Amino acid sequence: MKLLNVEVVLNRKEDVQQAESEDGILKELDDKTTSYAILSHRWGAEVTYKEMIGLMKMEEQKRDEVRKRDGYQKIIKSCEQAEKDGYKWLWIDTCCIDKRSSSELSEAINAMYRWYQNAQVCYAYLNDVDESVFPTEHDNSKFAKSKGRPEWFMRGWTLQELIAPKQVEFFNKDWVPIGNKQYLAPVLTDITDIPRDVLTHGLAGKRLSVAQIMSWAAYRKTTREEDRAYSLMGLFGVNMPMLYGEGKKAFRRLQLEIIKETGDHSIFAW
């Protein structure tokens, strides 16, 4: 996996004259032997891989535009938190995958559950939470578009990003810490219907039906139709190639892969 060098990102923020190479800002490392933090978030105006490695070589006007994006501020704030927590490396899906390469994107999506699982900590950034405490109650006035809960809980990809990591730290829109997965487990179970034991200890060794796991994703949404299937692969321990443009066929392929792996026909309830 390609990881951001936290020190280089933060140093580069201060020194506009310093033009870093791809090797300086990002490095290919082994997720099994490297200590790193990882970000989980709702996408908005983001910074791409190409922009991240070429930022200092851009014309000043373009560079300033990139730096003003919410996505760039997320990168900086994530790096600052990682540095504070003692981590030299950080992974963010927006800028650590070169999505111009279909093979790199496919490899990343197939490995993503493992990457979240092997991270020392996951920072869950709730961009629509203003308060300095975790919102434990439904609030349709504040979260009207996401069934009264922060939007992070309604997105497809964030399901595995909640379950896979050992440690998840939640932050509000100003990067104030508002709780962690272990402490908030009872509230998180109420929000997501995921059993507390799964939240605190993961899926390993649990005798759960495919239908039950699928039910946790029932109300979640993805921007691309195919991602409804791709975002669930890690939860079922299956792999398959990415074929963006296949639409609903992605979910049918997922069902077949799950049947091969588990033999559990409760999948057809979905």
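**Reading the terms of this model**

Visitor: Why is D190 called exposed?

Guide: D190 has a relative accessible area of 52%. Exposed means over 50%, buried under 20%, and partly exposed in between (1.4 Å probe, protein chains only). D190 is therefore exposed. This is a predicted model, in which local features need pLDDT of at least 70, side-chain atom pairs count only at pLDDT 80 or more, and totals for chains, interfaces and linings use all residues. Residues are numbered from 1 along each chain as its sequence is written, and side-chain values use heavy atoms, leaving out hydrogens and water.

Visitor: Why is R149 called buried?

Guide: The relative accessible area of R149 is 3%, and buried requires under 20%. R149 therefore counts as buried.

Visitor: What makes D190 and R149 a salt bridge?

Guide: The term requires a side-chain nitrogen of Lys or Arg within 4 Å of a carboxyl oxygen of Asp or Glu. Here the N to O distance is 3.2 Å. D190 lies in helix α8 (residues 181–192) and R149 in the loop between β5 (121–125) and α7 (158–163), so the pair ties together parts 41 residues apart in sequence. Helices (H or I, at least four residues) and strands (E, at least two) are DSSP runs, numbered from the N terminus.

Visitor: Why is K206 called partly exposed?

Guide: Its relative accessibility is 25%, so K206 counts as partly exposed.

Visitor: How do you know that the span of α6 agrees with expectation?

Guide: The expected span is 1.5 Å times one less than the number of residues. For the 17 residues of α6 (residues 102–118) this gives 24 Å, and the end C-alpha atoms are 24 Å apart, so the two agree.
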